[in-house]
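User: Hi, could you walk me through a few residues in this one?
Analyst: Gladly; here it is.
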Amino acid sequence: MMHGDSVQGRSRSSYENGDNGTSFLQLVLALGSENFMGTLALILAFGSISCGFGFVIVFGDSGFFSVCDYGAVGDGVTDDTGAFLEAWQATCSTQFENPTMIIPDNYTFLVHQLTFSGPCNAKKITFLVLGNINAPTSPRAWTDLDPSSWMTFHGIDQLRVSGFGTIDGQGSKWWNQSCRYHPHLEGCTSLAPTAMKFLSCSASSLNNIKLVNSPQTHVLIRGCRFFDIGNLLIEAPGTSPNTDGIHIQSSQHVSIANAVIGTGDDCISIGDYTSNIYVSSVTCGPGHGVSIGSLGRRGNFVQVENIHVSNVQFKHTTNGARIKTWQVGKGYVRRITFEHLKFDSVKNPIIIDQNYCSIRGACKEMPTGVHISNVAYVGQSGTSSTDVAINLNCSRSVACTRIVLESIELMSANMDRQVTSSCLNAHGNAIGVRASRVSSGVVR
């Protein structure tokens, strides 16, 4: 063993017997170069982590805490919630500056609703998901609990959630009782668990995880600053209700890069009180596109600005780049850029709907509205599956201003049809826009 390393625990049996488990090569890849030397030493010393190995592994200022060392079984049937919470308490309270909580590979852990809370003693915590984490299949598991949550990280700064494992919300029974699709079903539910919530977690990140079949939203970022998301795969059926990929609310300086998202709702949705959001290199579909909103539903003062969306591919989605606000809202959406987007048979490639309503056309016209301004659509191409490829439906009372359309070429996905552009109460400039013919007047 290299100088300065130590192993504390109850048994060496798992190493001596060569039990299957997480290789330390996986730890190197998942933890990154900053922990490479320490992890390499552990590879040479031990070779693998398995359930029940009975060690807290220490190298330098880092400690590795496996959920299996706190009683997790990982058979996909036994409730491992308590073991996860105990492992978190040990990780959060440790005196090591950079501890890692490990969910080992080759195991499937069933966990019920849980919250990982801070603040922690540790400066930086890695939550390393190498195995699979499954939610209970039955909504009855949430009886007397908050039905909106499954796994929540709250009040933790410099948290890093990473790994190559899968988080499975097993949401099909929730979808089958959703009021959205089954409004006449007795006991139908409008609220279902979000798979992963990050609440008030700043200078943190989520990387290299696969999330599937959340009962509702897959990832929620709320009250966070400087949060990075990358290399995610998010999957749910296109018919699953309200299964947004990533929703951002009341957060600033959030980046999303290199993600593949296909769900039954927005691939990415950006809510109120957000600013400095950067989305790039995303593949979206199936789903409802990348949406800012809906905003202002309760008549509140909306504050959304500095949103940059680039290099997104939309495949057979209901929307592409969308902004949607309610007439009763106030405030602003401003300094928005959508650039280098590609559309493959998308119903509404470019859409602003300042008259958004839960039932289309059912909301009466009002003298209020959220002011949408300084929005640029640049360098976009592809095909529309409907006749109206560009639809700017702005308020008569609070019109959209400083809208720019530049270098846009859209065609119909149907060989025998042409697409049109529709503009209502939108003001700005259009340069190099080809969307066949124009109806209702183009942006001027």
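**A few residues in context**

User: Which residues is His253 in contact with?
Analyst: Leaving aside its neighbours within four places in sequence, His253 is in contact (heavy atoms within 4.5 Å) with Arg225, Phe226, Phe227, Ser275 and Asn276. This is a predicted model, where local features need pLDDT of at least 70, side-chain atom pairs count only at pLDDT 80 or more, and totals for chains, interfaces and linings use all residues. Residues are numbered from 1 along each chain as its sequence is written, and side-chain values use heavy atoms, with hydrogens and water left out.

User: And where is His253?
Analyst: His253 sits in strand β21, residues 252–262, a strand being a DSSP run of E with at least two residues, numbered from the N terminus.

User: Is His253 buried, exposed or partly exposed?
Analyst: His253 has a relative accessible area of 26% and is therefore partly exposed, since buried means under 20%, exposed over 50% and partly exposed in between (1.4 Å probe, protein chains only).

User: New topic: where is Thr243, and is it buried or exposed?
Analyst: Thr243 lies in the loop between β19 (225–235) and β20 (246–249), and it counts as buried because its relative accessibility is 0%.

User: What does the side chain of Thr243 reach?
Analyst: The side chain of Thr243 reaches the backbone nitrogen of Gly264 at 2.9 Å.

User: Which residues outside its sequence neighbourhood is Thr243 in contact with?
Analyst: Beyond its neighbours within four places in sequence, the contacts of Thr243 include Trp175, His218 and Asp265.

Key. Helices (H or I, at least four residues) and strands (E, at least two) are DSSP runs, numbered from the N terminus. A polar contact is a pair of N or O atoms within 3.5 Å; within protein, one must be able to donate a hydrogen and the other to accept it, and residues adjacent in sequence count only if both atoms are side-chain atoms.
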